[in-house]
Amino acid sequence: MAATSTSTLPVILLLSGSLRAGSTNEAVLRTAQAVAPAVAVEAVLYDGLAGLPHFNPDDDTDPLPPSVAGLRAAIEGAAGVLVCTPEYAGTLPGSFKNLLDWTVGGTEICDKPVAWVNAAAPGRGQGAEATLRTVLGYTGADIVEPACVRIAVGRDMVGADGIVAEPGVRRQLGEVLGLLADRAATPE
Ligand SMILES: Cc1cc2nc3c(=O)[nH]c(=O)nc-3n(C[C@H](O)[C@H](O)[C@H](O)COP(=O)(O)O)c2cc1C
């Protein structure tokens, strides 16, 4: 998986925090991928979460584990990053926090426009959002506040094709991608 592309469209890297088959968060990102061409964005879904080793500072040296090098290259090659993650036990899933830990030792995410979609039901998922803000802030990522949105998506809204058909959800996801691309084009 690489975030590099031969197209001239800005690439937004999509990071799901869920490893679950049939993940709602991944479905949200697949929906973003489906609407991306309409907003002149190429959205690339990162699929390496399960293959990352447990973070160990001793391994954060050259040569990096290949999967970690792949992650960092994907971030480097992207104009922006969009996260959609479940909340586990009041915070991020450990596997996704592990991914973020691997970004700390590199410079790729620094100043990179990033945002997240909280797809949880109203009133839920705030712990995951708070942790994202803390960790991404620590990495020096450029958090694009207007693109950090709540779009409640239940499992019943995901079609057999693995994406969401509801026009309002698709419109909001298009807006989020557009905001990330705009920030990449004109950094603050
Ligand atoms: C172990 C575990 C812990 C969870 N903890 C929380 C939680 O603290 N807060 C919350 O809002 N949802 C919690 N949930 C619910 C998940 O966030 C929810 O099922 C989510 O839709 C899963 O996302 P996915 O479909 O993308 O895998 C938890 C689920 C599991 C399996």
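**The shell around the ligand**

Tutor: Sorted by type, the shell around the ligand holds four nonpolar, six polar and three charged residues. In this sorting Ala, Val, Leu, Ile, Met, Phe, Trp, Tyr, Cys and Pro are nonpolar, Asp, Glu, Lys and Arg are charged, and the others, Gly among them, are polar. Please keep in mind that this is a predicted model, where local features need pLDDT of at least 70 and side-chain atom pairs count only at pLDDT 80 or more, while totals for chains, interfaces and linings use all residues. Residue numbers start from 1 along each chain as its sequence is written.

Of the 13 residues around the ligand, the nearest are S18, S23, N25, P86 and R124; a residue counts as near if its C-beta atom, placed from the backbone, lies within 6 Å of the molecule. Let us stay with R124, which sits in the loop between strand 4 and helix 4 (126-139). Helices here are DSSP runs of H or I with at least four residues, strands are runs of E with at least two, and both are numbered from the N terminus. R124 has 14 other C-beta atoms within 10 Å, so R124 is partly exposed: the class lies between buried (20 or more such neighbours within 10 Å) and exposed (12 or fewer), with C-beta atoms placed from the backbone. Although R124 and T85 are 39 residues apart in sequence, their C-alpha atoms are 12 Å apart.

The loop between strand 3 (80-84) and helix 3 (94-104) also holds A89. A89 is not a glycine, yet its phi is positive, about 50°. With 9 other C-beta atoms within 10 Å, A89 is exposed. A second case is D111, with phi near 70°, in the loop between helix 3 and strand 4 (113-118). D111 has 13 C-beta neighbours inside 10 Å and therefore counts as partly exposed. The backbone at P63 deserves a look too: the peptide bond from D62 to P63 is cis, with omega near -5°, and P63 belongs to the loop between strand 2 (42-45) and helix 2 (66-76). As background, most residues other than glycine have a negative phi, and most peptide bonds are trans.

Now for the wider setting. Along the sequence, the whole protein reads β-α-β-α-β-α-β-α-β-β-α. Its radius of gyration over C-alpha atoms is 15 Å, close to the 16 Å from the globule rule for 188 residues, so the protein is as compact as a globular protein of that length; the rule is 2.2 Å times the number of residues to the power 0.38. Of those 188 residues, 43% count as buried.
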